Amino acid sequence: PFWAMPCAPIFFLWGALLIAGGVRRKRRGGRGAVLFNLGILLLALAAVEVYLGAVAKENTRLVRREKPGTFAKLDETLGFSARPGFTSRFTSMAGEETIFDVVYTIGEDGLRVRPPLADPPPEESVLLFSCSYVFGTGLNDDEAWPWLLEQKLEGGYRCYNFGFPAYSPNQMLAYLESGETEALIEQPPRHVIFLAIGDHGRRVIGQAGYARNEPRFVMQPDGTVRRDGLWGDEGSHRWEARVRQLVHHSHLARLLMRRLVPSRRDDDLLVAIVATARDRVEERWPDCDFRVLVWDFPPSQTDPIEEGLRARGLDVTRLSTILEGLREDPSPWRLHRLDDHPNTRAASAIADHLASVIAATEAVVVR
C-alpha cells in the first residue's frame, strides 16, 4: 500500500531528509530543531496517507496484467489519448475481490476496435463521444455498447467509439474543431451521440486529477466557447492545475477537501461546449442528427445539465427511460458497488435503444 500512494513516499523522503538535516545542523552547533520537527511532521503525514489508503472502504486498484507500457499518450489536440495499436489486459481489484478482468484493444487509428467490416461496407457512420462510459471501461471489446450497436444495425452503419477514460465534452469539441474526426472516419456521419455524466461539470473546468492534460475552453459572450490550450500550459492556470493533480493523489487532502471545500462545477460551460459541438457538426454535416444521452444519476448533478442542454435546443434522452430505476438505484446497471461504470446489461440495453431509434428514422433492419 505504501508505494501505491504517490504522496506517502514524497512525505517520507522529504521527512527523512529534513530530520537528517536537522540532526546534522544540531551537531554542528546550528539550530536544527525546525528542520527536525518539520521532518517528523512529514513522516506523520506519510503514516496518515498509508493508513487512509489501507482502510479506505471505496479503494480500488487497477492492475495491468500484460504488455507493460503506457496505455495512454500525451496529445497536443486532446491532451491525452489512447496509444494506437495497444492491446492489454486490465484487472480491477477491491481487496481480494475482482471487479473486472478484461482486455482493451486499440486500433491503429487510436480508437477502440470495431466489429469486422460488413460486406458490402456501410456508406454512413455513427460517431460516439464521451468518457469511459462510452469507451467501455470494465467491458471486453465486444461488450462495449458502441460495438454492440454496430452489430445490431446489421452493417447499416460503421460505429466509431471516440470515448476514452477521463474524457469530457472538451475532447469531443477538440476532435471536431481540429479536423481529426474526419481524418479517422471512412464514412460520413449520419448520427453523432454524446453521453453526459454528472462528473463532466467538474472536468470541464480542470477540477479532476488529470487536469494538466485537459483541453481548456472558455466561455464567450455569445454563449459559445473558444479553445485556450490545455490546463497545463504556461499561464495563470498552470500551477493551479498541478496543485489539483497533487491533491487528487493524496488521501488526506481528498478527505479534507470533501469535508471542508465544496467541489466546483460549471454546468453552464459544459452545456456551452456540447452546444458548440452540435453547431460544428451541423456546419460540417448538415444532415447529421446530433443527440445527447444523460446518465441521470445522481439527479442532483445531472438535472441541471439536462435542463441546460434542453434550453439550448439539444435532443436529450435520460438513460433512466431505458435503464429502469437508474435514478433511484443504479446498482443493477453498474459494474460493482465500487465502480459506477455501465455493466454488460446496461450496455446491451443502450445499444438496443439506439438501434431502434436509428432504425425508426432510417429504416435500417435491426437484429
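Ala166 is buried, because its relative accessible area is 16% (buried means under 20% relative accessible area, exposed over 50%, partly exposed in between, with a 1.4 Å probe and protein chains only). Ala166 has a positive phi of about 80° although it is not a glycine, and it sits in the loop between S7 and helix H5 (169–178). Helices (H or I, at least four residues) and strands (E, at least two) are DSSP runs, numbered from the N terminus.

Before going further, please note that this is a predicted model, where local features need pLDDT of at least 70 and side-chain atom pairs count only at pLDDT 80 or more, while totals for chains, interfaces and linings use all residues. Residues are numbered from 1 along each chain as its sequence is written, and side-chain values use heavy atoms, with hydrogens and water left out.

## Other backbone details

Glu154 is another residue with a positive phi, about 55°, although it is not a glycine. Its loop runs between H4 and strand S7 (157–161), and Glu154 counts as partly exposed because its relative accessible area is 44%.

Two cis peptide bonds deserve a look in your viewer. One joins Asp119 and Pro120, with omega about 5°; Pro120 lies in the loop between strand S5 (97–105) and strand S6 (124–129). Another joins Phe297 and Pro298, with omega about -5°, and Pro298 lies in the loop between S11 and H11.

Helix H10 covers residues 267–284, and its 18 residues should span 26 Å at 1.5 Å a residue, so the 26 Å between its end C-alpha atoms agrees. The expected span is 1.5 Å times one less than the number of residues. At the N-terminal end, Asp266 caps H10 through a side-chain oxygen 3.3 Å from the backbone nitrogen of Asp268. Buried residues of H10 include Asp267, Leu269, Leu270 and Val281.

Arg278 also belongs to H10 and counts as buried because its relative accessibility is 12%. A polar atom of its side chain lies 3.2 Å from the backbone oxygen of Arg312. Leaving out residues up to four places away in sequence, Arg278 touches Phe290, Arg312, Gly313 and Leu314 (contact means heavy atoms within 4.5 Å).

## Nonpolar cores

A nonpolar core is a set of buried Ala, Val, Leu, Ile, Met, Phe, Trp, Tyr and Cys residues joined through side-chain atoms within 4.5 Å. The largest one has 85 residues, and Trp145, Val292 and Leu323 touch the most other members. H10 gives the most to this core, with nine residues. Apart from it lies another core, of five residues, among them Cys7, Phe11, Leu18 and Leu42.

Beyond its neighbours within four places in sequence, Trp145 has contacts that include Leu128, Tyr133, Leu195, Leu293 and Leu354.

## Strands S11 and S12

Strand S11 (residues 289–294) pairs with strand S12 (residues 315–318) in the parallel sense over four bridges; strands pair if DSSP finds at least two bridges between them. From S11 the chain passes through helix H11 (residues 299–311) to S12 in a right-handed β-α-β crossover. Right-handed here means that, with the strands pointing away from the viewer, the path from the first strand over the helix to the second runs clockwise.

## Glu150 in helix H4

Glu150 is placed in helix H4 (residues 145–152), and counts as buried because its relative accessibility is 6%. Not counting residues up to four places away in sequence, Glu150 touches Arg114, Pro115, Gly155, Tyr157, Arg158 and Cys159.

Key:
Polar contact = N/O pair within 3.5 Å; in protein donor to acceptor, adjacent residues only side chain to side chain.
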